[in-house]
Protein chains: 2
Amino acid sequence: MRTSLAERLGIDAPIFAFSHCRDVVVEASKAGAIGVLGCVGFTPEELEVQLDWIDARIGDKPYGIDVVMPEKDPWAEEQDLNRLHEKLKSMIPPETIAYAKKILADNGVPEMPEGAQHEGDYLIRSTAATARRHVEIALKHPKVRLVANALGAPPADVTRLIKDNGRVLAGLCGEVSQGKKHADAGVDIIIAQGTEGGGHTGEIGSMVLWPEVVEAVAPIPVLAAGGVGSGAQIAAALMLGAQGVWTGSLWLTTIESDLTEHQRELLLAARSRDTTRSKSLTGKPCRMLKNEWTKAWEAPDAPKTLPLPLQDIVAAEATGRARAYPDKARAVTINPVGQIVGRLNELERTRDVVYRLIEEYYAATERFKPLMSWE
Amino acid sequence: MRTSLAERLGIDAPIFAFSHCRDVVVEASKAGAIGVLGCVGFTPEELEVQLDWIDARIGDKPYGIDVVMPEKDPWAEEQDLNRLHEKLKSMIPPETIAYAKKILADNGVPEMPEGAQHEGDYLIRSTAATARRHVEIALKHPKVRLVANALGAPPADVTRLIKDNGRVLAGLCGEVSQGKKHADAGVDIIIAQGTEGGGHTGEIGSMVLWPEVVEAVAPIPVLAAGGVGSGAQIAAALMLGAQGVWTGSLWLTTIESDLTEHQRELLLAARSRDTTRSKSLTGKPCRMLKNEWTKAWEAPDAPKTLPLPLQDIVAAEATGRARAYPDKARAVTINPVGQIVGRLNELERTRDVVYRLIEEYYAATERFKPLMSWE
């Protein structure tokens, strides 16, 4: 499975392990894959701490970061995050916030404790201002070999900055035209994510999307994302021309992952049919476990979800309270995950997941051998 | 690519070519794949003619038929199809029919010509009464090696009848629990269709669904469906443990296919993102090209689509008029097809499609070889 991209990055197996948890990033890279830290939940100051922590533990292995940076951000002018937050909040129709509060009340989740501020945490998700600082900090850390952008091509000056610093730039896409656009903008690796994937995801299935993007952006390497949870699926991805796989859900049920006990239970029990693409978290379709929160936003009397980044602030009602009251918020806790969740049935160590994927890969190719000749 | 299922059926390549067009069935089987005739559009009398026609041309090659037979049909008691039709029509809310008529009027499609009856054609789609007769007729044709049921396991007596006659029974599923149920009911081959597929289709992507079903029903063989349009995709399916592939969309753009000129044009031009899962044709989610008809049923003021088989009768407004006025109905003609439509960009002969798939399969496995060893 040593593709040319794996050679180029100096990794044993072209398995890109996306996680918001630094422990997973370190363990994945040390096991021969490459960990990629999702930055969206961190303030710039927090990210600095995270990367220092990783650098101190990862040895000479490379790793990556993943940011959420729109190519054009209508809020880019406003550099003061608090002022921006107030401005955005004033744009939210009161009935939309009221509806979010009603969902939580209907499900027995208490109001936030007096004085607790939770919305601010989530505002930072989707603005270029924060993501730019994330990138600047990452570039001061030489072991960060890869910068991935969940929204594809970053603004041109950021693209230049990343490449001038000798880092590899990757960008996600959910359809061919996006992939081509990213390639034209100078992205080094296109990540093609099928509808199976967790989090923000499009409508086109991996089986159709992967080879379509591979052909459209050749010779730029493509990572296959959406639905990868076994070594046989990695072999299928490489058979379809991908140079590696981009995985996320898989690491949520590792021992190192920092989910709540309740979230882990839900993920381990869920079947592949238990997810839905819902706009209720960010305003863009995002795959997550179906629950009372997602159902309520699909009810006939539900207000329309708001565009990014306003719906983030609305959803903070749920994400904030779920953190404050994890037990009471069980039915409405937002759990982004892909359809591969049906295969996640036990806790594993991150390194064991990497080793398992590699073993399964070679077992699948061994089984396939007799089907390779015409006779 | 000679899987054990291919050996068992006596075919060169385990490519199951589903088509409503008898010419495609004959050509696919003669080229080394196996053609499967979709029966749903035929009266029992018409089917007899179709199968005789195929038998006279297919030589010693096997082929299959595909029926749409619910395991339990609430209308099974009513054997008189005309009486049943009248009964069902009386259950349709007038505003739903009025809405369908409005969509057509808004798009400039004339009313049906005086005296033309079109709904009857479509009533027969989804009743067990018709499907039973389809099966009885097929069993009188010895070259029909395979009977597939789009709804999975047929009623128990039909399952027995098919197997006692030495035919192979296949059933479609869109999720693991359905696949297991079909296997328990005695189905010989499980067809696992991912959300990418055309026509009735579930939500789970092929990359996740195929290996999940393979593992759940082993050692019963699985055909991979949904998103297969190239030899590399067949190789990926076999890598994931499938014993063959079930393809449908692929044959719509063959020279032998009997679509209208207009439908062909639309299919050749469409991209993978141009389909949607819509309940507007049968009441169950069915993947088809997005157009003014599918859009209208998603409008906020649209009436709810009706359950199967009532929506069939409503949709006959569109299907019937599209046949009567193919040019004027361009914007509302219903075109079931999978996401693989993005790859269907030129007319090909059926046999050339089969040969191309086989060549691409071996080319893909050849390219994959260097990735099979650890070094």
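Trainee: How much area do chain A and chain B bury between them?
Mentor: The two chains bury about 4,000 Å², and 62% of this lies on carbon and sulfur atoms. In chain A, the residues that lose the most area to chain B are A:Met207, A:Met239 and A:Trp374, together 20% of what that side buries. Buried area here is the accessible area (1.4 Å probe) that two parts lose on being put together, summed over both.

Trainee: What should I know about the model and its numbering before I go on?
Mentor: It is a predicted model, in which local features need pLDDT of at least 70 and side-chain atom pairs count only at pLDDT 80 or more, while totals for chains, interfaces and linings use all residues. Residues are numbered from 1 along each chain as its sequence is written, chains are lettered from A and ligands numbered from 1 in the order in which they are written, and side-chain values use heavy atoms, with hydrogens and water left out.

Trainee: Back to the interface, then. How many residues are in contact?
Mentor: On each side the number is 45, with 45 residues of chain A in contact with 45 residues of chain B. Contact means heavy atoms within 4.5 Å.

Trainee: And how many salt bridges are there across it?
Mentor: The rule finds four salt bridges between chain A and chain B, each being a side-chain nitrogen of Lys or Arg within 4 Å of a carboxyl oxygen of Asp or Glu. One of them joins B:Arg273 to A:Glu175, whose closest N and O atoms are 2.2 Å apart.

Trainee: Changing topic: is B:Glu317 buried or exposed?
Mentor: B:Glu317 counts as buried, because its relative accessibility is 4%. Buried means under 20% relative accessible area, exposed over 50%, and partly exposed in between (1.4 Å probe, protein chains only). This residue sits in helix H14 (residues 310-324) of chain B.

Trainee: Which side chains does the side chain of B:Glu317 make polar contacts with?
Mentor: Its partners include B:Lys101, at 3.4 Å, and B:Arg321, at 2.8 Å.

Trainee: What does B:Ala100 touch?
Mentor: Not counting residues up to four places away in sequence, B:Ala100 touches B:Trp293, B:Trp297, B:Val314 and B:Glu317. B:Ala100 belongs to helix H5 (residues 94-106) of chain B and is buried, with a relative accessible area of 0%. Between B:Ala100 and B:Pro303 there are 9.6 Å in space, C-alpha to C-alpha, although they are 203 residues apart in sequence.

Trainee: Now chain A. Why is strand E2 described as largely enclosed?
Mentor: Strand E2 (residues 34-38) of chain A is largely enclosed by the rest of the structure because five of its five residues are buried. A:Ile34, A:Val36 and A:Gly38 point one way, and A:Gly35 and A:Leu37 the other.

Trainee: Which way do E1(A) and E2(A) run?
Mentor: Strand E1 (residues 15-19) and E2(A) run parallel, joined by four bridges; two strands pair if DSSP finds at least two bridges between them. The bridge partner of A:Ala17 is A:Gly35, and that of A:Ser19 is A:Leu37. E1(A) also pairs in the parallel sense with strand E9 (residues 244-247) of chain A over three bridges, where A:Ile15 has A:Val245 as its partner.

How values were computed: Helices (H or I, at least four residues) and strands (E, at least two) are DSSP runs, numbered from the N terminus. A polar contact is a pair of N or O atoms within 3.5 Å; within protein, one must be able to donate a hydrogen and the other to accept it, and residues adjacent in sequence count only if both atoms are side-chain atoms.
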